[in-house]
Amino acid sequence: MKLEIKEWEEIESFIGKEVFVFSCNSCGGEEIDRKNIKIKEFLEGHGIKILGIINLEPKYCNINSLRKILEENFISSNFVLTFTCGGLPQVLSSLINSKVIPAVNTLKIELERKLGSFARLCSACGECWIHYVGNLCIERLCPKKMRNGPCGGARDGYCEVFRERICPFIILFKNKGEIKDIIPPKKFSKILLQE
């Protein structure tokens, strides 16, 4: 799995001065101690205090293990940053009462690797923006991959492409209430240029 830390300007408006961090070894793609040194340098370099770090190993990357890890190791924090694929922040936001922000973009997932369960929820789109939309991966849920929807084809709350499916933007508006902001256009070069 290939991840890149987001630009600081993209993260800073969503967090306070203290955060709790979730990290992982990118499904075997990175050495976790080295990765965590980069995370600490990145956050502390911007004056952010780290309240704690949970390292999620691939064998514990599933809902039952995560619940147990949260009970035993999570320190309540208003803000949580994830340095994992986009799957974990989607699940984590439903288990804790913190604002969960993905601090990285997933550029590539190598399917030949043994992946954690949450990796299946990540679309590896190269620009994780789920924190704008209530931690729902619209990129994965919408067949048109709309960033600012619903599209003009949605009828009575149902998808134009898959008529039996409720439009993910309708789910978002009903459950979360609003979109944080207009999501900027996608830079396809980030994922198209990956080897």
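**Reading salt bridges and strands**

Modeller: Let us begin with a charged pair: glutamate 139 and lysine 186 meet through their side chains in a salt bridge, 3.0 Å from N to O. Please keep in mind that the model is predicted.

Colleague: Where do glutamate 139 and lysine 186 lie, and what does the pair tie together?

Modeller: Glutamate 139 belongs to helix α5, while lysine 186 is in the loop between α6 and α7 (189–192); the pair therefore ties together parts that are 47 residues apart in sequence.

Colleague: Is glutamate 139 buried or exposed?

Modeller: A residue is called buried when its relative accessible area is under 20%. Glutamate 139, at 6% relative accessibility, counts as buried. Lysine 186 has 15% and counts as buried too.

Colleague: How many salt bridges does a search of the whole structure find?

Modeller: The search finds five. One of them joins arginine 147 to glutamate 127, with the closest N and O atoms 3.0 Å apart. This pair links distant parts of the chain: arginine 147 is in the loop between α5 (138–141) and α6, and glutamate 127 is in the loop between β6 (104–108) and α5, 20 residues apart. Arginine 147 counts as buried at 11% relative accessibility, and glutamate 127 is buried with a relative accessible area of 11%.

Colleague: Which residue forms a salt bridge with glutamate 10?

Modeller: The partner is lysine 6, and the closest N and O atoms are 3.0 Å apart. Here the burial should be read residue by residue. Lysine 6 is buried, with a relative accessible area of 3%, whereas glutamate 10 is partly exposed at 26%.

Colleague: Let us turn to the strands. What is the order of the strands in the open sheet?

Modeller: The sheet has four strands in the order β3-β2-β4-β5, with parallel pairing. To read such an order, one looks for the strands at the ends. β3 (49–56) and β5 (99–102) stand at the edges with a single partner strand each, so one side of each is left without a neighbour in the sheet. Neighbouring strands of this sheet are turned against each other by 25 degrees on average, direction ignored.

Colleague: How many bridges join β4 and β5?

Modeller: Strand β4 (residues 79–83) pairs with β5 in the parallel sense over four bridges. Among the partners, leucine 81 is bridged to isoleucine 101 in β5, and threonine 82 to proline 102 in β5. On the side of β2, the pairing with β4 is again parallel, over four bridges, and serine 23 stands opposite phenylalanine 83 in β4.

Colleague: Why is β4 described as largely enclosed?

Modeller: Four of the five residues of β4 are buried, so the rest of the structure largely encloses this strand. As a general idea, side chains in a regular strand alternate between the two faces of the sheet.

Colleague: Which strands does helix α2 lie across?

Modeller: Helix α2 (residues 32–45) lies across β2 (18–24), β3 and β4, and runs at about 155 degrees to β2.

Colleague: Finally, which residues make the nonpolar surface patch?

Modeller: Tyr158, Ile166 and Ile171 make the patch, which covers about 240 Å². Isoleucine 171 has its place in helix α6 (residues 168–175), and at 32% relative accessibility it counts as partly exposed.

Technical notes. Residues numbered from 1 in each chain as written. Predicted model: local features only at pLDDT ≥ 70, side-chain atom pairs only at ≥ 80, totals over all residues. Heavy atoms only, no water. Pairing = 2+ DSSP bridges. Helix = DSSP H or I, 4+ residues; strand = E, 2+ residues; numbered from the N terminus. Axes fitted to C-alpha atoms, helices over the stretch in contact; angles between N-to-C directions. Contact = heavy atoms within 4.5 Å. Patch = residues over 30% accessible without salt bridge, like charges linked within 9 Å, V, L, I, M, F, W, Y side chains within 5 Å. Areas by Shrake-Rupley, 256 points an atom, 1.4 Å probe, with all protein chains shown as cover. Salt bridge = Lys/Arg side-chain N within 4 Å of Asp/Glu carboxyl O. Buried < 20%, exposed > 50% of the residue type's maximum accessible area, 1.4 Å probe, protein only.
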